[in-house]
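Here is a short tour of the pockets in this model and of the residues that a database record marks out. Keep the 3D view open as you read.

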Amino acid sequence: MLAALAGEVRQRPPFWLMRQAGRYLPEYRELRAKAGSFLDMCYNPDHAVEVTLQPLRRYDMDAAILFSDILVVPHALGQPLAFQEGEGPKLDPVRNVEDLKRLSRDRFHERLEPVYETVRRLSRAIPAHTTLIGFAGAPWTIACYMVEGAGSKEYAHVKRWAYGDPAGFGALMDLLVEVTADYLCTQIEAGAEVVQLFDSWAGVLPAGEFRRWVIEPTRRIVDLVKARHPSIPVIGFPRGAGLSYEAYVAGSGVDAVGLDTTVPVAWAAGNLQSRLPVQGNLDPIMLAAGGEALRSAAWEILEALAGKPFVFNLGHGVIQTTPPEHVAELARLIKDWPNRG
């Protein structure tokens with residue numbers, strides 16, 4: 001994993017999967033039933049370590065990603081957060097400069113100490129050949145949740161604030177840049193060897209606003225992380241960026257870029273991979289479907305991207321209905337790729 005992110009071409013590409021630890025695994029569901037709320041799992045190092053290790057035992061991925069959630073950052077700033085079964089996260093919305101006064105950095109690291117403890121334990125528990133990935137949500141995506149108060153289809157509140165009061169919205173983004181960089185650096189100091197920025201809602205912005213609220217904050221975070229930890233790779237995942245992927249790669253400063261499912265692999269090979277390693281981008285539904293659909297889609301990605309620096313992954317996270325044996329099939333396919341006759 002680290003060699004591929006440094007620009008080396010491996011005989012077979014390393015692989016890990018977004019949401020590789022989660023509800024598709026029966027052992028996860030068993031622990032989840034005992035653990036209380038989802039946030040309880042995130043803040044309990046015993047549970048979070050166990051959940052992180054579960055897919056490694058089954059599939060021997062090349063990387064383990066910390067089990068947590070991107071919304072622990074606004075929660076640590078004092079924004080009330082709850083995960084409601086079947087409805088997703090719910091937050092008390094922050095929609096103007098006055099609302100920003102409810103947030104505080106005073107106990108930020110204290111509230112996140114259980115996450116750092118999980119990273120410390122994982123750095124000792126994972127196999128030597130496995131890379132430990134820390135992560136955070138990128139500022140735009142975190143702001144979407146903070147302002148909307150939940151997931152959204154139109155992002156009307158957050159866009160209205162960003163477009164109508166860019167200075168006020170910029171104050172929220174400045175705060176998120178600073179605490180996110182500090183959060184990632186503290187994960188690195190606890191043992192993370194790579195960090196990824198998830199910008200799940202990057203694709204909802206027009207090009208000019210994408211540069212202002214996605215690329216520029218990402219660049220600032222990368223600069224802050226690199227000032228403290230220059231050798232740690234940063235992966236950016238601007239989901240839905242479309243034609244703006246090139247601008248993101250050129251302007252964000254990330255060391256590698258995650259491709260969502262919609263990015264044509266031939267285009268990525270010709271336009272992105274000459275600049276930096278790429279990661280992706282199997283459709284999670286292909287993984288759930290299995291069989292010939294899975295094999296054909298995975299082979300197409302490998303044929304297009306495996307000849308240059310590349311990390312195999314999905315174009316989004318593993319879905320709940322994915323049969324575990326399909327993940328095992330994908331792992332075998334990737335590991336056997338050099339011998340495919």
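For the residue classes used below, Ala, Val, Leu, Ile, Met, Phe, Trp, Tyr, Cys and Pro count as nonpolar, Asp, Glu, Lys and Arg as charged, and the others, Gly among them, as polar. This is a predicted model, in which local features need pLDDT of at least 70 and side-chain atom pairs count only at pLDDT 80 or more, while totals for chains, interfaces and linings use all residues. Residues are numbered from 1 along each chain as its sequence is written, and side-chain values use heavy atoms, with hydrogens and water left out.

**The second largest pocket**

- A pocket here is an open set of points on a 1 Å grid over the protein atoms alone, where a 1.4 Å probe fits, with protein on both sides within 12 Å along at least five of seven lines; lining residues have an atom within 4 Å of a point.
- The second largest pocket has a volume of about 160 Å³, taken as the space filled by probe spheres set on the points, which are joined across faces, edges and corners.
- Its lining divides into six nonpolar, two polar and two charged residues, among them Thr-261, Asp-283, Met-286 and Glu-300.
- Helix H15 (291-305) and strand S8 (278-282) each supply at least two lining residues, and H15 gives the most, with three.
- Helices (H or I, at least four residues) and strands (E, at least two) are DSSP runs, numbered from the N terminus.

**The largest pocket**

- The largest pocket holds about 1,400 Å³ of space.
- Of its 39 lining residues, Arg-19, Arg-23, Phe-38, Asp-69 and Phe-83 are the closest to the centre.
- By class, the lining has 19 nonpolar, twelve polar and eight charged residues.
- H2 makes the largest contribution to this lining, three residues.

**Residues listed in the record**

- An unreviewed UniProt entry lists Arg-19, Gln-20, Ala-21, Gly-22, Arg-23, Asp-69, Tyr-145, Ser-200 and His-316 under "binding site"; such annotations may be inferred rather than shown by experiment.
- The listed residues span 298 residues in sequence, and the farthest two C-alpha atoms are 22.8 Å apart, so they do not all gather at one spot.
- From this set, the lining of the largest pocket takes in Arg-19, Asp-69, Tyr-145 and His-316, among others.
- Arg-19 sits in the loop between helix H1 (2-5) and helix H2 (26-35).
- Tyr-145 lies in helix H8 (residues 139-148) and is buried, with a relative accessible area of 14% (buried means under 20%, with a 1.4 Å probe and protein chains only).

Notes:
Buried < 20%, exposed > 50% of the residue type's maximum accessible area, 1.4 Å probe, protein only.
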